[in-house]
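Thanks for coming. I have one structure to go through today, so let me put it on the screen.

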Amino acid sequence: MITVATWNVLHRVHAENWGEDVLKRWPDEPERIAAVTARLVGRAEQVIALQEVSGDQLASLRLALTDRTVHTLRYPRVPSPRQGLCSLRDPGEYLVLLVNGPSREVATESFEDDRGKGALAVEVAGTLIVATHVSGDQRRTRQLARLAELAATPPGHAAVLLGDFNTERATVASALGTGFVVADLPSDALPTRPPTSGSASPWIDHVVVRGAGVSGTAVESAYGLSDHNLVRATVTV
């Protein structure tokens, strides 16, 4: 079994550009960064995928999570404020995998049609783990097709996709195709992305498996630290 989790921790520049409510609760970004890191330090999952990680947040994670291997993809696109100056020392945006135990990086790539989204793949205990962040428009069709290619492991090998897919479960399952199972959430699960005015489906963060079973999927509140809640599950290979 491999325990996994995925969480979009919200890049500060994106929060400012979109006027997220998180800014009201956490006006001081270093304090929010420290709180996000503290939330992750105590987690027991063997693999944790993070999206929208700023360079400042990544530095905090590296200092605190010395018992984990930190795999990263830095996107070519650097978020820029629409107004004012950026308060971050490193405004770069990263896709991150935190792994407890041996792991091997397999692939990193930003999507050709969105240089601020992509995929990061590592091998953990013979299983391919792919962290991803997918665009929220029609570009997702090509991106999901690419993810299906990345996760096309040889027979007898399992793959797990973790991330913010920016669309509901049925669309992800249809686009990835036969062999992929998108974990279903309990009927009373919290939204993975609490709805705002005009927002799409509130369940857009997913755990997807191929050649494996998935159980115990649940959503945990981020308590205002991010505009997304954390999703966790147990994968049986």
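I will begin with glutamine 143, which touches Phe111, Asp113, Asp114, Val134 and Ser135, leaving aside residues up to four places away in sequence. Touching, or contact, means heavy atoms within 4.5 Å. Glutamine 143 sits in helix H5, residues 140–150. Its relative accessible area is 1%, so it is buried. Buried means under 20% relative accessible area, exposed means over 50%, and partly exposed is in between, with a 1.4 Å probe and protein chains only.

A word on where these values come from. This is a predicted model, where local features need pLDDT of at least 70, side-chain atom pairs count only at pLDDT 80 or more, and totals for chains, interfaces and linings use all residues. Residues are numbered from 1 along each chain as its sequence is written, and side-chain values use heavy atoms, with hydrogens and water left out.

Now the whole chain. The protein chain has six helices and twelve strands; these are DSSP runs numbered from the N terminus, helices being H or I with at least four residues and strands E with at least two. The C-alpha trace spans about 50 × 40 × 35 Å along its principal axes. Of the 237 residues, 52% are buried. Among contacts with a separation of 6 or more, 69% are between residues 24 or more positions apart.

Next, the core. The largest nonpolar core has 25 residues, and those with the most contacts inside it are Val4, Val47, Leu97, Ile129, Val160, Leu162 and Val207. Elements giving two or more residues to this core include strand E1 (2–8), strand E2 (47–54), strand E7 (127–133) and strand E10 (205–210). By nonpolar core I mean a set of buried Ala, Val, Leu, Ile, Met, Phe, Trp, Tyr and Cys residues joined through side-chain atoms within 4.5 Å.

Take two of its residues. Isoleucine 129 touches Val47, Leu97, Leu120, Ala121, Val122, Val124, Val160 and Leu162, again not counting residues up to four places away in sequence. Valine 207 lies in strand E10 and, at 1% relative accessibility, counts as buried. From valine 207 to arginine 89 is 118 residues in sequence and 32 Å in space, C-alpha to C-alpha.

Then helix H4, residues 55–64. Which of its residues are buried? They are Gly55, Asp56, Gln57, Leu58, Ser60 and Leu61. Their cover includes helix H3 (29–41), E2, strand E3 (69–74) and E4.

Glutamate 52 has a positive phi of about 60° although it is not a glycine. Glutamate 52 lies in strand E2 and is buried, with a relative accessible area of 11%. Tyrosine 223, also not a glycine, has a positive phi near 50°. Tyrosine 223 is in the loop between strand E11 (213–220) and E12, and at 68% relative accessibility it counts as exposed.

That is the tour. Questions, please.
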